[in-house]
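Dear colleague,

Please read them with the model open beside you.

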Amino acid sequence: MKDFSKSKALFERAKQIIPGGVNSPVRAFRAVGGNPLFMKRAKGPYLYDEDGNEFVDLINSWGPMILGHAHPAVEEAVKEALATSPSFGAPTAREVEMAALICSIIPSVEKVRMVNSGTEATMSAVRVARGFTGRDKIIKMEGCYHGHGDSFLIAAGSGAMTFGTPDSPGVTKGTAKDTLIAPFNDLNAIARLIDENPKEIAAIILEPVVGNMGCVAPQPGYLQGLRKLCDTHNIILIFDEVMTGFRLALAGAQELYNVKPDLTTLGKIIGGGLPVGAYGGRKDIMDAVSPAGPIYQAGTLSGNPLAMAAGYAMLTQLRDNPSLYHQINTTTTAIVGGIRKQLFSKGLGYTINQVGSMFTLFFTDETVINFDTAKTSDTARFAKYFQSMLQRGIYMAPSQYEAMFVSAAIDDLVVSRVLQASEEALKEL
Ligand code: PMP
């Protein structure tokens with residue numbers, strides 16, 4: 001058994017002074033048991049915890065570290081920016097370069113505003129959609145996560161066609177009633193909601209490829225169908241590409257599936273590991289944002305020089321090395337294909353979903369296409385697999401309902417290490 005004693009002691013101390021001992025809930029390992037590991041450093045494909053244990057990292061900071069940890073180009077850029085000042089609170093050339101870079105890469109993004117997290121990006125995008133259309137309601141998909149803004153913490157309840165109910169104390173009924181819920185991959189449900197709420201829906205927001213119920217792909221025609229419905233009913237289509245942007249393709253899921261949203265939200269990779277988000281899209285919509293227009297949105301540290309430097313370095317690395325996507329997708333297919341073979345040889349009918357460099361092993365025999373099918377997973381079995389993998393030095397997302405994010409630092413040797421661990425972990429189940 002690995003020694004986690006320093007992490008354990010830190011967690012005990014943390015619980016006295018931080019709610020639940022962590023600054024973001026899923027880190028607490030609640031879904032898998034045991035103590036969260038406290039990390040000390042990371043390099044390439046590896047994480048090192050406070051006890052000195054080494055792990056292959058399959059989360060990569062929940063996506064941002066797509067080049068692996070401590071990439072020299074990103075590190076250099078941050079050092080260079082730090083030498084000028086970590087913050088001015090005034091416009092800088094870096095922000096202009098960053099905006100130009102994002103707009104040049106994602107054709108649907110004609111203008112972009114930087115913020116400090118994915119949550120800010122989605123909250124702002126929805127406000128802009130509401131302000132621009134003069135409508136109050138939004139549609140979100142059951143099981144999609146868009147950060148912790150009040151409008152998004154709504155579950156489907158018992159019926160997909162009914163008004164949402166608050167999923168977190170503190171979200172008012174008034175807010176909840178403006179968020180309508182539909183199952184992912186169900187165009188009829190969306191059409192019905194639009195019919196029942198004529199001219200009331202400002203926006204449809206979704207993860208075009210879902211990461212937050214585990215990895216779930218859109219079925220053929222789904223994204224195109226949403227685009228059509230939005231065009232017909234003057235609804236703003238928002239792709240939340242906080243996870244998928246610059247990951248599934250340089251221009252994200254919208255490039256992969258060839259569907260153009262009106263607004264896009266970004267985060268994670270665009271900060272190169274620093275706290276950043278962004279939202280952008282059609283010029284006529286973005287020109288409604290303050291101070292160009294009346295819809296207010298602001299941020300003291302927005303466009304922060306260190307974050308812009310890290311993000312710019314990250315995005316130029318990705319833009320200038322287009323073969324990188326082929327590489328990480330091939331690596332992911334090797335891991336997924338290997339696990340699939342192991343499942344087959346053991347007579348286990350579990351489902352693995354993969355899109356590009358995102359994947360999830362669901363402990364269910366059902367095909368997973370939405371939240372209901374994802375929820376058929378045996379989470380106790382997942383927890384056991386997770387702990388067995390951890391003991392073998394593989395750090396996975398500590399919940400069944402998360403995707404893994406493969407980095408370019410994972411080579412063939414690391415892949416065999418992951419597969420060896422998985423073979424043994426599946427045997428232990
Ligand atoms: N949207 C999506 C699709 C996300 O996955 C996340 C975070 N995992 C967010 C928004 C919120 O981003 P943040 O945690 O940076 O606020």
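**Strand β14 and its neighbours**

In β14, Thr360 is the bridge partner of Asn353. Please keep in mind that this is a predicted model. The pairing to which this bridge belongs joins strand β13 (residues 351-355) to β14 in the antiparallel sense, over five bridges, and the two strands form a hairpin with two residues between them, where Gly356 in the turn has a positive phi of about 55°. β14 also pairs with strand β16 (residues 404-405), again in the antiparallel sense, though here over two bridges, and in that pairing Phe359 stands opposite Met404.

The protein chain is divided into domain 1 (5-70 + 322-428) and domain 2 (72-320), whose C-alpha centres lie 25 Å apart. The contact takes 29 residues from domain 1 and 27 residues from domain 2. On the side of domain 1 that touches domain 2, the elements that give two or more residues are α11 (323-345), β13, β14 and α12 (371-374), and of these β14 gives the most, with four residues. By class, that side of domain 1 has 18 nonpolar, nine polar and two charged residues.

With best wishes

How values were computed. Residues numbered from 1 in each chain as written. Predicted model: local features only at pLDDT ≥ 70, side-chain atom pairs only at ≥ 80, totals over all residues. Pairing = 2+ DSSP bridges. Domains from an automatic or database assignment. Contact = placed C-beta atoms within 7 Å. Nonpolar A, V, L, I, M, F, W, Y, C, P; charged D, E, K, R; others polar.
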